Amino acid sequence: MKKLFKAVAIITVFAGLTRLAGFLFRIYLSRTIGAEGLGIYQIAFSVFLVLETFVSSGLPLVVSKLTSKYQVENNRPAQASAVCAALITGLITSITLVLVLFAAQSLVGRLFTDIRCLNILLTLLPAIVFSSVYAVLRGYLWGQKKFFLVSITEFFEQTVRIMACVILIALIYSTFDGAVAASVSLVISCAFSAALVVILFFKTGGRLKSPKGQTKTVLKSAIPITAVRIASSLLMPIIAIIMPIKLLQSGLSPEQALSQYGIALGMTFPLLYLPSTLTGSLAMALIPDISSDLASKNYNHIAKKIESSLKFSIFVAFLVIPLYIGLGEPIGVFLFNNASAGYYLAYAAWIMLPISINNIAASVLNALGLEVKGFINYIFGAVVLILCIVFLPKYIGILSLVWGMGLCMTLAAILNIRMIRKRITVKINIIKPIVLMGLITVPCALLSKWTFVSFSKIFPMALNLIVAGVLCIIMFALLCMVFGVVDMSSFKIGKHKKHASKLPV
């Protein structure tokens, strides 16, 4: 477990820096290109993410798992062949996608309510080719458990993107040109990060060998995973198409609809994923770790990791939830100069719980080879999300997206935990800590709100937010210890019972 914690620590530090840089960049974008420009970019970017899924989901995950497996078996030729097979597959797929999209741009343009979104999407397309190289070789480093190098490449990509975007935006003036600048900066950063990961691949002893003998293995594993991820990622462009239309039907103008969508997706939701910096690091470290344990048939270790990781993710989410509930609106004003973003943040804070649980549960399902079953669970949640954004906007506007996303993630989390329980013989008890931490959230949120209001005429807003936030977190941690939810002496959520678990044959 010590190696896992060390890996999580490394990933978390760099992921935190990357997320912080990305978060500050998001603030910069919102203030320079505005909510409307951010909305245009967000809609096109959501479609781009679907296209990128073809090369950045199944392939790197399979390469990571195969690299870990062949590392344990000391089979370097098979390892080199698998990487080469994935690299060739990714390049062929990405180039084909780009050519098809450019050829069918008139047809694709009909999907958008604003033609400017199509132009942004076309600008983003070259990044798919660079991402295909980056994703596969990053998967190799991931499988080798070289988490420091993986994290460095992500931070490097974010840094290059920010620098490029700031320079480009300084040269333009209109809202649309600002969205174009953000798109071009992404393409530049993908090109530079692909070049860096190629260098790191060969510097760390990586080799390419004829894909013969491994192409079928890679495709057999990657195709179902990619299909699952594509179907999952299709949800965002569906939302990007339906949500503005439903907001228009509810009485908003086109500018108001784009603005509200941009605020929710571009300002509020990134804040909701901040706890994922830590839980995502753990999820990332789990996949090659569990893959190695499966190859070694170390089933007791697998069960222990899963239970501890799920409970840890719950604690991390609840550590931030009362902070957002109590200080959501002033956070929105301070960061984005937008009270609506803060209001949505406070309203949607509870979503962080199912998001954090799903971070771990989805990674566990992937490592155990249950991606398709996890996808089926996600589909049930996605149906709920679509129903919410179709029928609720006329009653609660953009908040229908909050409820839809929350219910989607909650249902998926419940079904995923149930699937893990069936796959391994370990009893996962997470209901009690969720209930206790939920009750503790109430006084902590009230304390943060009271503190902020009380010191609003004494401290500047930034210092006031820090004081109120720190007090909230300290009170939450203390109450968790008082009520026995957290055992700080062992850094575990609740009490661990020793168990001898094994995977069913």
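Reader: At what angle do helix α11 and helix α19 pack?

Author: This is a predicted model, in which local features need pLDDT of at least 70, side-chain atom pairs count only at pLDDT 80 or more, and totals for chains, interfaces and linings use all residues. Residues are numbered from 1 along each chain as its sequence is written, and side-chain values use heavy atoms, with hydrogens and water left out. Helices here are DSSP runs (H or I, at least four residues; strands are E, at least two), numbered from the N terminus, and axes are lines fitted to C-alpha atoms, for helices over the stretch in contact, with angles from 0 to 180 degrees between N-to-C directions. Helix α11 (residues 235–249) and helix α19 (residues 399–423) have axes 12 Å apart and pack at an angle of about 155°.

Reader: Is α11 roughly parallel or roughly antiparallel to α19?

Author: Angles under 35 degrees count as roughly parallel, over 145 as roughly antiparallel, 65 to 115 as roughly perpendicular and the rest as oblique. The angle between α11 and α19 is about 155°. Therefore α11 and α19 are roughly antiparallel.

Reader: Which residues in α19 do M236, I239 and M243 in α11 meet?

Author: Contact means heavy atoms within 4.5 Å. On the α11 side, M236, I239 and M243 take part, and their counterparts in α19 are S400, L401 and M405.

Reader: How many nonpolar residues does the contact of α11 with α19 have?

Author: Ala, Val, Leu, Ile, Met, Phe, Trp, Tyr, Cys and Pro count as nonpolar, Asp, Glu, Lys and Arg as charged, and the others, Gly among them, as polar. In the contact of α11 with α19 there are no charged residues and 1 polar residue, and the nonpolar residues number 5.

Reader: How are helix α3 and helix α4 oriented relative to each other?

Author: The axes of helix α3 (residues 58–73) and helix α4 (residues 76–103) cross at roughly 175° and come within 9 Å. That angle makes α3 and α4 roughly antiparallel.

Reader: Is T441 buried or exposed?

Author: T441 lies in helix α20 (residues 431–454). Beyond its neighbours within four places in sequence, T441 is in contact with F318, I321, P322, I325 and F476. Buried means under 20% relative accessible area, exposed over 50%, partly exposed in between (1.4 Å probe, protein chains only). With a relative accessible area of 7%, T441 is buried.

Reader: What percentage of the residues of the protein count as buried?

Author: The protein has 21 helices and 2 strands. Of its 505 residues, the part that counts as buried is 54%.
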